[in-house]
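Please look over the sequence and the structure below before reading on. The report then takes up the chains, their contact and the domains in turn.

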Number of protein chains: 2
Amino acid sequence: MNDTMSDKKNMLQTDDFEKMFLPGLAIDAVILGFHENSLKILLLEYENTNLFALPGGFIKKDENLNDAAMRTLQDRTSLKNIYLEQFYVFGDIERYDPRPLQTIMAGKGLTYVKDHFLLKRFLTVGYYALVDYTKATPIPDMLSDKCDWHDLDNLPPLMLDHKQIIAKALETLRTDLDQKLIGFNLMPENFTMADLQSLYETVLGEKLLRTSFQRKMLNLKILKRVDKKYTGAAHKAPYLYTFIKK
Amino acid sequence: MNDTMSDKKNMLQTDDFEKMFLPGLAIDAVILGFHENSLKILLLEYENTNLFALPGGFIKKDENLNDAAMRTLQDRTSLKNIYLEQFYVFGDIERYDPRPLQTIMAGKGLTYVKDHFLLKRFLTVGYYALVDYTKATPIPDMLSDKCDWHDLDNLPPLMLDHKQIIAKALETLRTDLDQKLIGFNLMPENFTMADLQSLYETVLGEKLLRTSFQRKMLNLKILKRVDKKYTGAAHKAPYLYTFIKK
């Protein structure tokens, strides 16, 4: 056995998990990616298992929950500085199923004890974010084969209840987009009303009427029109907007 | 020692908690009560401690999280059939403080072991509801002295971070009231626009303009005007509305 295998084996000892992490509670991150009319989601694929999953992890005993969400996302995907928002705790009994983790462990050629930390019932706190996927290049961690953007309307088979977690995140995003728009930091400094409408249409999955969309956005009182620069084509160019800083 | 003391002592044995409940995760319920321009909150007071707290509890090992929220509320206050909504998980390290529970145990004349289930770090899932407080009469459980409605603007000293939990619940309610209005089942079958405005003004803590409030509510497409009954005074009476059932 080489050193790397031995490290991996140590990492999966149940005692190590029990010393380091809070029991029974996980974090899963739904990282949605938007760019030019398409919406994607970040998924990990585990080695030798054909299992796809949301990037997730556990909370250290001396760590704030929200910090753990940031850290696990970075540990598992190398993505940093992403504005994560809690949206729901998934805590139904029926989500408990130790088999996928047994498969992952077996995929690594590891034997496991019956009451291993990872095989007990877990509740999971769902976090979500919306980023520009062309600006966020994920890197898989040592547990996963791949870490890639997938089309939302063509998902591979997912672990446990991760499909429901994604559906709930998307529902939350659609409801909360007006309020979270600035926080997601997704638009450039200046943008047109058409840029913004394209984002909304992609997230909502439906076409919107230009006039009523514009009225609604202006009523939110979060947009400021930017003075046009003096250029020959200026009178033909659409208005540019920026977010009002609080 | 009489039988009741002995029962209570058994109930606080750490082994019993560990067998029955998931470790490290609690539930706290922010039950807001509305009636005629006033907003109240339901608090428990613990015996012999002068400590006030939100009604809360733990999740059984074979119980869904959302069911646990309903059950703990009923166990601790006798309130049933209340529409509870998850709103946030409070998981900062700094909320961890075993002293209030040591005080509660001491108030009962109980000694405790150092690593008792109740004295470890807890994260808590916050749930909230909005009810008519004249229709919800709470009854304290065996752990608490009192279970009463308190004015939101005159709160007693609260345990741990319960004041912040209430503030966050109120912030969520204010943001989400449009969407949760029907679910809270707070209005009578038929109501006037003034009744609805009174609810909003009380929750938001500010006066609203009648015309813009009416326009906003009608734009939500959740209200249906009820045909007036033929009475002598009908032409003077305000319109009645009802919620559109989905």
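The sections that follow describe a predicted model.

## Relation of the two chains

## The contact between chains A and B

Chain A brings 22 residues to the contact, and chain B brings 22 residues as well. On the side of chain A that touches chain B, at least two residues each come from strand 1 (21-35), helix 3 (65-77), strand 5 (85-90), strand 6 (123-132) and helix 5 (162-184). Strand 1 of chain A has the largest share of that side, with four residues, and the residues of the side divide by class into 10 nonpolar, seven polar and five charged.

Because 100% of the interface residues of chain A are also interface residues in chain B, the copies meet through the same surface.

## Domains of chain A

The domain assignment divides chain A into domain 1 (3-177) and domain 2 (193-243), whose C-alpha centres are 35 Å apart. Where they touch, seven residues of domain 1 of chain A are in contact with six residues of domain 2 of chain A. Strand 2 (38-46) and helix 5 of chain A are the elements that give two or more residues to the domain 1 side, and helix 5 of chain A gives the most, with three residues. That side of domain 1 of chain A has four nonpolar, two polar and one charged residues.

## Helix 6 of chain A

Helix 6 of chain A, residues 193-204, has 12 residues and reaches 16 Å from its first C-alpha to its last, close to the 16 Å expected at 1.5 Å a residue. After helix 6 of chain A comes Gly205(A), whose phi is positive, near 70°.

How values were computed:
Residues numbered from 1 in each chain as written. Chains lettered and ligands numbered in written order. Predicted model: local features only at pLDDT ≥ 70, side-chain atom pairs only at ≥ 80, totals over all residues. Contact = placed C-beta atoms within 7 Å. Nonpolar A, V, L, I, M, F, W, Y, C, P; charged D, E, K, R; others polar. Expected span 1.5 Å × (residues − 1). Domains from an automatic or database assignment.
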